[in-house]
Amino acid sequence: LREDGVSEADLVAEARRALTWHYQWAVLFDFLPATIGEERTRKLLQDGPRFFQPDGTVSIPFEFADAAYRFGHSQMRGAYRVQRGGADLTLFPDLIGFRPVTSDRVIDWSLLFDVAGEPAAARSRPIDGCLAEPLLKLPVDITGELDDQDFQSLAVRDLQRGVATGLPSGEAVARLVGEEPLLRDEVGLSEFGWSGETPLWYYLLKEAEVREGGERLGPVGSLIVGEVLLAILDGDPESFRSVDRSWRPTLPSRDPDRFGLADLLVPFEPPIDG
Ligand code: HEM
């Protein structure tokens with residue numbers, strides 16, 4: 001930025017803006033295609049949100065915070081390797097957080113994001129109706145003291161939250177947005193004696209599993225996640241979408257047509273032109 005002539009007085013504000021805009025770009029053009037699919041992302045950016053069109057200040061809807069965006073709970077693995085040649089570290093207690101990061105816990109992001117020229121990064125768990133075992137027994141450092149030990153389970157917490165906020169069933173949302181709801185056999189809860197419609201959080205996990213092989217969210221989950229993320233960016237007067245839609249990333253990217261999260265996280269020397 002100094003080389004571009006930014007004054008010392010504006011340096012921090014400019015660095016913040018540049019980083020934020022690059023991150024926003026990576027969310028829209030790297031994270032979103034991976035999470036909801038290339039074609040759905042393209043259509044969303046072309047046509048805009050069909051259902052989530054807030055006026056003025058954007059609030060995050062309950063369907064997003066208490067169901068759809070919790071899809072990541074299913075993607076978590078029980079253990080991660082964070083350094084080349086290092087050991088596999090368990091989520092708990094090894095990676096619990098809430099403490100200074102020791103040198104053997106500093107993450108080599110090329111193990112978690114695909115980077116050209118490096119071995120393929122570790123994959124997340126598929127998005128499906130299961131959670132890695134450690135998430136079913138959260139440590140007290142995360143939950144605090146509990147009266148009811150069932151709340152050690154992140155699945156119980158996610159489901160309970162949906163009940164507490166009165167979320168509609170997955171089938172109800174599917175019908176509302178014009179998608180064919182999953183069949184009872186596809187949801188698979190009847191064998192456990194469940195006869196009602198499906199809690200939204202669990203429905204969206206099963207939708208990803210049944211309709212997309214666990215590779216990405218299905219149609220209803222994609223609609224909620226995609227429309228809310230886009231609306232948040234468009235509702236932010238400081239986002240690159242609001243300030244200058246013709247803006248393009250200025251930091252170097254490994255693929256010249258595609259700036260992504262790995263370009264932000266894993267430093268590299270761009271080739272010198274000419
Ligand atoms: C080791 C990894 C993770 C742990 C231990 C964890 C744990 C938790 C816990 C304990 C809650 C509060 C649950 C409740 O009582 O309602 C929560 C909420 C949530 N989590 Fe996670 N989570 C993890 C990863 C993720 C990922 C990868 C995503 C998304 C990609 C995610 C999305 C959310 C969302 C959207 C909420 C609701 C936040 C709110 O409304 O305030 N989590 N998580």
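Q: Contact means heavy atoms within 4.5 Å of each other, so which residues is Ser-153 in contact with, leaving aside its neighbours within four places in sequence?
A: Ser-153 is in contact with Leu-135 and Leu-136. The model here is predicted, so local features need pLDDT of at least 70 and side-chain atom pairs count only at pLDDT 80 or more, while totals for chains, interfaces and linings use all residues. Residues are numbered from 1 along each chain as its sequence is written, and side-chain values use heavy atoms, with hydrogens and water left out.

Q: Why is Ser-153 called buried?
A: Buried means under 20% relative accessible area, exposed means over 50%, and partly exposed is in between (1.4 Å probe, protein chains only). Ser-153 has a relative accessible area of 10%, so Ser-153 counts as buried.

Q: Where does Ser-153 lie?
A: Helices are DSSP runs of H or I with at least four residues, strands are runs of E with at least two, and both are numbered from the N terminus. Ser-153 lies in the loop between helix H5 (140–143) and helix H6 (154–164).

Q: How many helices and strands does the protein chain come to?
A: There are twelve helices and two strands. From the N terminus on, their order is α-α-α-α-β-β-α-α-α-α-α-α-α-α.

Q: How many aromatic pairs does a search of the whole structure find?
A: The search finds eight. Rings of Phe, Tyr and Trp (its six-membered ring) pair if their centres lie within 6.5 Å; planes under 30 degrees apart count as stacked, over 60 as edge-to-face and the rest as tilted.

Q: Why is the pair of Trp-25 and Phe-240 called tilted?
A: The two ring centres are 5.6 Å apart and the planes stand at 45°, so the pair is tilted. Trp-25 is in helix H1 (residues 11–36) and Phe-240 is in helix H11 (residues 240–243), so this pair ties together parts that are 215 residues apart in sequence.

Q: What makes Trp-25 buried?
A: Its relative accessible area is 11%, so Trp-25 falls in the buried class. Phe-240, at 2% relative accessibility, counts as buried too.

Q: Why is the pair of Tyr-69 and Phe-71 called edge-to-face?
A: The ring centres lie 5.4 Å apart and the planes are at 85°, so the pair is edge-to-face. Tyr-69 counts as partly exposed at 35% relative accessibility, whereas Phe-71 counts as buried at 4%.

Q: Which residues form one aromatic cluster?
A: Trp-21, Trp-25, Phe-29, Phe-240 and Trp-247 do.

Q: What lies over the face of Trp-21?
A: Arg-17 does, at 4.5 Å from the ring centre. A charge sits over a ring if NZ of Lys or CZ of Arg is within 6 Å of the ring centre and within 35 degrees of the ring normal. Arg-77 lies over the face of Tyr-80 at 5.3 Å from the ring centre.

Q: Which residue is the only protein donor of the iron atom of the ligand?
A: Donors are N, O and S atoms within 2.8 Å of the metal (3.2 Å for Na, K and Ca); water is not among the atoms, so sites may look incomplete. His-73 is the only protein donor, through NE2 at 2.0 Å. His-73 lies in helix H4 (residues 72–75).

Q: Where is the place of Gly-48?
A: Gly-48 is in the loop between helix H2 (38–47) and helix H3 (62–65). Not counting residues up to four places away in sequence, Gly-48 touches Lys-43 and Leu-230.

Q: Why does Gly-48 count as buried?
A: The relative accessibility of Gly-48 is 18%, so Gly-48 counts as buried.

Q: Why does Phe-98 count as exposed?
A: Phe-98 has 67% relative accessibility, so Phe-98 counts as exposed. Phe-98 lies in the loop between E2 and H5, and has a positive phi of about 60° although it is not a glycine.

Q: What kind of peptide bond joins Phe-92 and Pro-93?
A: A cis peptide bond joins them, with omega at about 5°. Pro-93 lies in the loop between strand E2 (89–90) and H5.

Terms used: Contact means heavy atoms within 4.5 Å.
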